[in-house]
Every structure is written in structure tokens, then in C-alpha cells.
Protein chains: 2
Amino acid sequence: MDTTAFFKFTYGLYVVCSKAGERQSGFIGNAVMQITSDPKQILVASNKENFTSELILASKKLTVSVVGVNAQMDFFGRFGYRSGRDMDKFSGCNSFFTADNQPVVLDNAIAWFSCDMVEVIDAGTHYLFVCRVLDAAITDAETEPMTYNYFHKVLKGKSPKNAPTFQNNSIN
Amino acid sequence: MDTTAFFKFTYGLYVVCSKAGERQSGFIGNAVMQITSDPKQILVASNKENFTSELILASKKLTVSVVGVNAQMDFFGRFGYRSGRDMDKFSGCNSFFTADNQPVVLDNAIAWFSCDMVEVIDAGTHYLFVCRVLDAAITDAETEPMTYNYFHKVLKGKSPKNAPTFQNNSIN
């Protein structure tokens, strides 16, 4: 198997957030997609070790912000490579708000979704969260979404170890 | 809810194929992604009405070809907007081969994957097929993958009614 073939899949980049009680966190994910149109449902893959996974299982709610192409590496540094168990990831945010009692990151966002998690599938290292979309909005109609390809090639970003796309000898 | 927010998700385009007994078919899908790295697993969403869904349920096998950016509309016309119940979609292919007894479309492909379907999730209008990747290869290292965004904006492609992203009053 040529494992570099996996680099040919196309993704966007997203901030997935959840709040349970007083605890809240978020992570940068690429494995997010729409799975049905009627009703509006999306699927989010999240590593079991992500603190946000715990919060989603507890609250059965999450939000997704679509990251725009102008985001810089410090943004990914805050949300992508550190654990929300050890820090409040939202403390450095310039702009976020609350939808359905859940945090929504607006920094670098071009659109957001608030969701009920309606089913969880155990896929081994990752949970697959099937989510019903409650609300959605565009916050920046001009900026294109950042693609995972752009993140790797232009920003020289790497997959963190909790990503579905992580490879030990990753070239990306 | 602003349903145009869903257009901000980023996808690639893929030909998903399966063969059960003597019947084989394929469809153009965008809802394909890697979900775990160890083992290598991908998730494929497929409308329940797709003929290929029947074949995947029967064979528990499928292949995925990653479509390159140079594919033209006639290619999507053959694989994306007609049912394999009524025609042999492979009859017009210039190049395909067989991996693990399953058909792999090489026309316009830049990489392919052959998979065992290990779990099926009922998501309403669509099945979610959790697949273990058996083999993978790159067939064109130079050409970039086609993105769904490019398909809509440059090729002026539309979502067929069986797509997860279909909207009745779709602007894309």
C-alpha cells in the first residue's frame, strides 16, 4: 500500500467546539462533512483522546466553524496542537459567541454551524459524531475556505498525532 | 438557518465502485474521507437509492478513485447523473482494472483505494460505509485533485439529487 495516496483526499479545516457544564474546549479538525440534506446532518470525526470528545459525549452538542484561507499558523497553534485540559483555548480568541449555549469561534471563521449530536460511532481511535444541524450562518461571504492542501503546502502545517490523517513518517 | 453555509464545506470528488457477482457499478461522490490512521480506514457516504449502495451491501467491498482536476463534464455525466441499473457505466471507460476482484476506474484518476466495508451506519437517506483500506496507489503524482468547489465554480457542475449536498433551490 502506498500510504501517500491518502494525501490525495481533499478536506477543509474546521474548529469543532463543545461545552459541558462549565468546561469548554475546541480542536482543529479536517474530517467534517455533510452526510444528508434532509434533514441537514453532518459527520465529525474526533480522536478519542481529544478533550473536546469528552465534552461532546457529555453535552451531546457541538459547533463547527469553517476556517477561512487567511488564518495564520498561530491560530492553528492555539487550537490544534495543545489540549484544552491544560488551558482555556478561548482566552486568546478575539471573537466568539454562544449558539444554543455552545461556544462558536468566529476568529478566522467564514461560516458556522450549531448541532445536536444524535449518534456516536466507535471507529477505533476516533469517534464519528453524527450531528443534526440546528442553525448555520455565513460570517464572511468573500473569503474562500482554507483547504487542508493549502494548510500543508503554503502554511507548512503538519498533522497532529490525534488527526485521522497522521502518519508517523508523514511528509505533510 | 442559512443553508448556503453548507457550501463552505470543502470536498474532493471521487468515483466509488463496487461489484457483486456479475453486477458492477460506480457513482461520483464527494462525501469520502479518512477517519483513522491506524488502521487505515475511510468513510464513504452513499445515497440508499444508488445502485452502487446495493452492490456494496452485497459484496462488502468497494473501491475509490480520486478524480483529478483535469476531468471534464462528460466524465461526470457518465458516472454522476445516470443509474448503473440502466447502463454499464464502465463501457465508456478508457482505462480501468481490477483490485481484489473489484473494479477501479483509472480515467481521470490520480490515486485509488481498494477496501473492505467493515460497518454500515444508517444515516437516513444515506448509508455511511466504514471501510478498511486493503491497498492504495498513486497513479498520477503531478495532477492536483479536483475539489468540489472547482467542480461547481469552473465546470458549473450541479449536485445530483442523490448527493448529501443537494438542495432543492441549490445555487451550486
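Modeller: In chain B, strand 1 (residues 14-20) runs antiparallel to strand 5 and is joined to it by four bridges; strands pair here if DSSP finds at least two bridges between them, and helices (H or I, at least four residues) and strands (E, at least two) are DSSP runs numbered from the N terminus. B:Val15 sits opposite B:Ser65 of strand 5. This is a predicted model, so to speak: local features need pLDDT of at least 70, side-chain atom pairs count only at pLDDT 80 or more, and totals for chains, interfaces and linings use all residues. Residues are numbered from 1 along each chain as its sequence is written, chains are lettered from A and ligands numbered from 1 in the order written, and side-chain values use heavy atoms, without hydrogens and water.

Strand 5 of chain B also pairs with strand 8 (residues 109-122), antiparallel over seven bridges, with B:Val64 opposite B:Phe113. Six of the seven residues of strand 5 (61-67) in chain B are buried, meaning under 20% relative accessible area with a 1.4 Å probe, protein chains only (exposed is over 50%, partly exposed in between).

Over in chain A, seven strands make an open antiparallel sheet, ordered 2-1-5-8-9-4-3. Strand 2 (23-29) and strand 3 (32-36) of chain A are at the edges with a single partner strand each, so one side of each has no neighbour in the sheet. Helix 1 (residues 51-59) of chain A packs on that sheet, touching strand 1 and strand 5 among others; contact means heavy atoms within 4.5 Å.

Methods. Axes fitted to C-alpha atoms, helices over the stretch in contact; angles between N-to-C directions.
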